[in-house]
Amino acid sequence: MSHTLTTKLQPGTQAPDFTLKDAAGRETALADYRGKNVIVYFYPEAATPGCTTEACDFRDSLESLQGKGYEVLGVSPDAPEKLAAFTGDFALTFPLLSDEDHNVALAYGAWGEKLVDGEITEGIVRSTVVLDTEGKVKLAQYQVKAKGHVAALKEALGV
């Protein structure tokens with residue numbers, strides 16, 4: 001294990017820019033969302049129980065989030081083909097982005113050691129970073145629980 005240390009993002013700092021492929025293999029850049037508030041959430045693996053719960057909660061809350069000016073981007077190390085199946089299987093209505101080399105997760109502090117089934121592994125730490133219209137961090141939450149996270153996030157954002 002490489003014991004990669006990542007720095008968690010702090011409110012008020014500029015979020016790292018990125019360009020990743022979406023479920024259809026198209027490039028999506030964070031810069032495309034300038035002028036909008038963006039919720040970037042990191043999840044370990046498409047179609048696993050917790051990640052499905054979280055994605056469906058974001059899907060079900062998307063209208064109210066967008067009504068308050070927030071866009072949602074989901075990021076995982078899954079290949080675009082797996083993201084396409086996940087999107088289709090659960091009728092997800094926001095972009096899922098493929099961070100196969102996990103460089104974006106590292107840059108956002110969402111990669112590190114975690115306990116999975118009693119074993120320490122390295123991977124995505126379920127995290128959510130909310131950016132303002134200029135791409136600055138408004139809110140950064142790490143090691144969130146999938147169940148109830150979107151409701152708590154909406155409350156924190158006043159949605």
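## Helix H4 and the sheet

Across which strands does helix H4 lie? In this predicted model, H4, made of residues 149-157, lies across S3, S4, S8 and S9, and its direction runs at about 150° to S9.

## Strand order and pairing

The open sheet is built from seven strands with mixed pairing, and their order is S2-S1-S5-S4-S3-S8-S9. The edges are taken by strand S2 (27-29) and S9, each of which has a single partner strand, so one side of each is left without a neighbour in the sheet. On average, and with direction ignored, neighbouring strands of this sheet are turned by 30° against each other.

Within the sheet, S4 and strand S5 (residues 96-98) run parallel and are joined by three bridges, and glycine 74 stands opposite leucine 96 in S5. Helix H2, residues 80-89, packs on the sheet, where it touches strand S1 (19-22), S4 and S5, and the direction of H2 makes about 165° with that of S5.

## Nonpolar cores

The largest nonpolar core holds 22 residues, and those with the most contacts inside it are Phe18, Phe42, Tyr108 and Leu131. Two or more residues each are given to this core by strand S3 (37-42), strand S4 (70-76), helix H3 (103-107), strand S8 (127-131) and strand S9 (137-142), with the largest share, three residues, coming from S3.

Leaving aside residues up to four places away in sequence, phenylalanine 18 touches Thr28, Ala29, Leu30, Val40, Leu73, Leu97, Val104 and Tyr108.

Methods:
Residues are numbered from 1 along each chain as its sequence is written. This is a predicted model: local features need pLDDT of at least 70, side-chain atom pairs count only at pLDDT 80 or more; totals for chains, interfaces and linings use all residues. Side-chain values use heavy atoms; hydrogens and water are left out. A nonpolar core is a set of buried Ala, Val, Leu, Ile, Met, Phe, Trp, Tyr and Cys residues joined through side-chain atoms within 4.5 Å. Buried means under 20% relative accessible area, exposed over 50%, partly exposed in between (1.4 Å probe, protein chains only). Helices (H or I, at least four residues) and strands (E, at least two) are DSSP runs, numbered from the N terminus. Contact means heavy atoms within 4.5 Å. Two strands pair if DSSP finds at least two bridges between them. Axes are lines fitted to C-alpha atoms, for helices over the stretch in contact, and angles run from 0 to 180 degrees between N-to-C directions.
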